[in-house]
Each structure stands twice: as structure tokens, then as C-alpha cells.
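This report describes a protein chain for a reader who is new to structural analysis. Please keep the sequence and the structure in view while reading.

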Amino acid sequence: MSSLFDFDAGPASYAVMGNPISHSKSPLIHAAFAAQTGQRLEYSAIQVDAGGFEQAVGNFRASGGKGLNITVPFKQEAWALVDERSERAVQAGAVNTISFSDDGRSVGDNTDGVGLVRDLMENHGVELCGARILLLGAGGAVRGVLGPMIALQPSEIVIANRTEEKAVELAAEFKRSDLLRGCGFQSIGEQSFDLIINGTAASLQGDLPPIPASAVSDKTCCYDMMYGKEPTVFMRWASEQGAAKVIDGLGMLVEQAAESFFIWRGVRPETGEVIASVKAAL
Ligand code: ATR
């Protein structure tokens, strides 16, 4: 309940939950957004053990928490747990942003896809309308970005995955056979793409998906959803093939955070300076 003394209340409380979580950049990013926009809030990182997610969310809400970001491996569990879901969350089958309303209801959203699309279009000037796109991987990361990518009307999206059936099934789910094709890496074909996005977990293991060199031309933009201090194996490979642009996923991370911040606070932070400061701190 609000009162005359609301200005004495503590800062609004937010957190990211996942496992592992100690290396999460989200607290740094949201602290930077809060400072920049003059919003009074605190944002922490909470490590949650397998089997403890529902309890952890309940505890956070009971302590007055206003919103959560959810990361690996709990995005699907979060989807199942929330009282309401945005259309983006329904489409993604995963929730990365929860808002708690004053009446105790939870609303789940997914800002990953819009984060990727904004980073590509606004930060890097990549045109998606009419583009021929190759998406590598068919797990949660790729599922989460498909809806917002399709909405921008590319001319073609090929989803290629190590386990072919998963790519075929994912493509079929979106019911856009005019636009979407799922296949194994061996069936990508010989044509080049305007944009290649690595959404596999291969970079984490230092592996490179077996992509045909013909997929890259000197006009191709290559994007890895992963990021690190050094370029990933995929990024190094893309540079060696002569790609026009090679981009890591740090901008996507900051842009999805900005969208979450906007959902919670109704204010859209400037992302450029935050991307630069997180990059410098890697
Ligand atoms: P996420 O939610 O991060 O997408 P995920 O659902 O476990 O995680 O999916 C991981 C993706 O990376 C899958 O597409 C996986 O391929 P499979 O479906 O064949 O397992 C892909 N992947 C993981 N390691 C890989 C590697 N070394 N080479 C190629 N693809 C890999």
C-alpha cells in the first residue's frame, strides 16, 4: 500500500536467477541503466540449485521483489511457473523476464529475440527485411529469437543443427514453410547467406559447427550469440572466410537487458555506452 512515507521505502528489488550465475554481467548492466536513468533500484544475482527454482521465485516475491531475469537453465521452468505470458514468451516457449504486480500476479516475457534484432539493426546496421539467414542450432537460444526474426520479413531462414530432427521439428512448429527450412549441417547447401547466426552451444566448448565455407561471402554478416574477452572459434572462422562483419553477442545481452528494464521501469536506457563499459570490463 502506498503512503506518504513511500520515499522512505527501500529501492525496488530485482535479480537474475540461474546456475551458474557468478559470472553474470546483468547486475553490472542494470546498475549502469539505473545510474543513467536516475531510477532507484537494486539488482542482485541469485544462484538457484536444480529443483529449487519455484521456491526461490516464491521467496523473492515474498520479500517484496519486483522483477526477475531468468537465465540458463530455468527459462522453460519460468515459462511454466508464471500466471500470464506475453505473446513473445508464448512464441519462444521460454521466459527470461518476470514482473510481479502489486496484487501478487506474475507476468512472463521474453526479451532475447528483440535484443538480438535491436543489436543487429540499430547497433550494427544489419538489414533483416529480405535477408537470407542461416541460424545454427535448434535449442532454446534459437527458438527464442525466431519469432522476432520472422516478423522482420527475411526472404529465407535455414535452421541447421547437429541433430537434424530438432531443426526440422522447430522449423515445422512455426508453420512458415514458405520461409523456414530445418536441416542438418550437411544439407545447408552451397549458397551464401546475408546473415549467419551461431546459436549453438559449440563456442562454449571451443567447437566449430561444420558450416560449408560457401555459406560466407564478402557481404555476409556473422553473429555469435556468445561473447567473451577473445573472439569465439566461430568468429575467428568467419573472419578467415572474409565475412563483411563479425559480431559477438555482448550487444544482444545488453539490449535484452534494456528491454527488461523498460518493461519494469517504463524507461528505455541508452545502450551504447553500457555495451562499451561491459566490453572493457570483460
Ligand atoms: P540453448 O538453450 O543454449 O540453446 P540447448 O537447448 O541445450 O541450449 O541447445 C544447444 C544447441 O547447441 C543445440 O542446437 C545443440 O545441438 P544438438 O541439438 O545436436 O544437441 C548445439 N550444440 C551443442 N554443442 C554443439 C557442438 N559441439 N557442435 C554443434 N552443435 C552443438
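## Salt bridges and domains

Glu 84 has a relative accessible area of 37% and is therefore partly exposed. The model in which this value was computed is a predicted one.

The side chain of Glu 84 meets that of Arg 105 in a salt bridge, with 3.0 Å from N to O. Arg 105 is partly exposed as well, at 35% relative accessibility. The two residues belong to distant parts of the chain, 21 residues apart: Glu 84 is in strand S4 (residues 84-85), and Arg 105 is in the loop between strand S5 (97-100) and strand S6 (106-109).

In total, the structure holds 11 salt bridges. Three of them are set out below.

| Salt bridge | N to O distance |
|---|---|
| Lys 75 and Asp 112 | 2.8 Å |
| Arg 105 and Glu 84 | 3.0 Å |
| Arg 88 and Glu 259 | 3.2 Å |

The bridge between Lys 75 and Asp 112 also links distant parts of the chain, with Lys 75 in helix H3 and Asp 112 in helix H5 (residues 112-123), 37 residues apart. Asp 112 counts as buried because its relative accessibility is 12%, and buried means under 20%.

Is Glu 259 buried or exposed? Glu 259 counts as buried, at 5% relative accessibility, whereas Arg 88 is partly exposed, with a relative accessible area of 28%. Salt bridges with shared partners join Arg 88 and Glu 259 with Asp 109, Arg 118 and Arg 268 into one network.

Domain 1 covers residues 4-110 and domain 2 covers residues 113-250. Their C-alpha centres lie 28 Å apart. Seven residues of domain 1 are in contact with eight residues of domain 2.

The size of an interface is often expressed as the accessible area that is lost when the parts come together. Between domain 1 and domain 2, the buried area is about 520 Å², and carbon and sulfur atoms give 55% of that area. Helix H4 (residues 87-92) supplies three residues, the largest share of the side of domain 1 that touches domain 2. By type, that side of domain 1 has one nonpolar, four polar and two charged residues.

The peptide bond joining Asn 19 and Pro 20 is cis, with omega about 5°, and Pro 20 is in the loop between strand S1 (12-18) and helix H1 (26-37). A cis peptide bond also leads from Val 72 to Pro 73, with omega near 5°; Pro 73 is in the loop between strand S3 (67-70) and helix H3 (75-81).

Gln 153 is not a glycine, yet its phi is positive, about 55°. Gln 153 is in the loop between helix H6 (140-151) and strand S8 (156-161) and is exposed, with a relative accessible area of 57%. Lys 175, also not a glycine, has a positive phi of about 50°. This residue lies in the loop between helix H7 (164-173) and strand S9 (180-184) and counts as exposed at 72% relative accessibility.

Methods: Residues numbered from 1 in each chain as written. Predicted model: local features only at pLDDT ≥ 70, side-chain atom pairs only at ≥ 80, totals over all residues. Heavy atoms only, no water. Domains from an automatic or database assignment. Contact = heavy atoms within 4.5 Å. Buried area = accessible area lost by both parts, 1.4 Å probe. Helix = DSSP H or I, 4+ residues; strand = E, 2+ residues; numbered from the N terminus. Nonpolar A, V, L, I, M, F, W, Y, C, P; charged D, E, K, R; others polar. Buried < 20%, exposed > 50% of the residue type's maximum accessible area, 1.4 Å probe, protein only. Salt bridge = Lys/Arg side-chain N within 4 Å of Asp/Glu carboxyl O.
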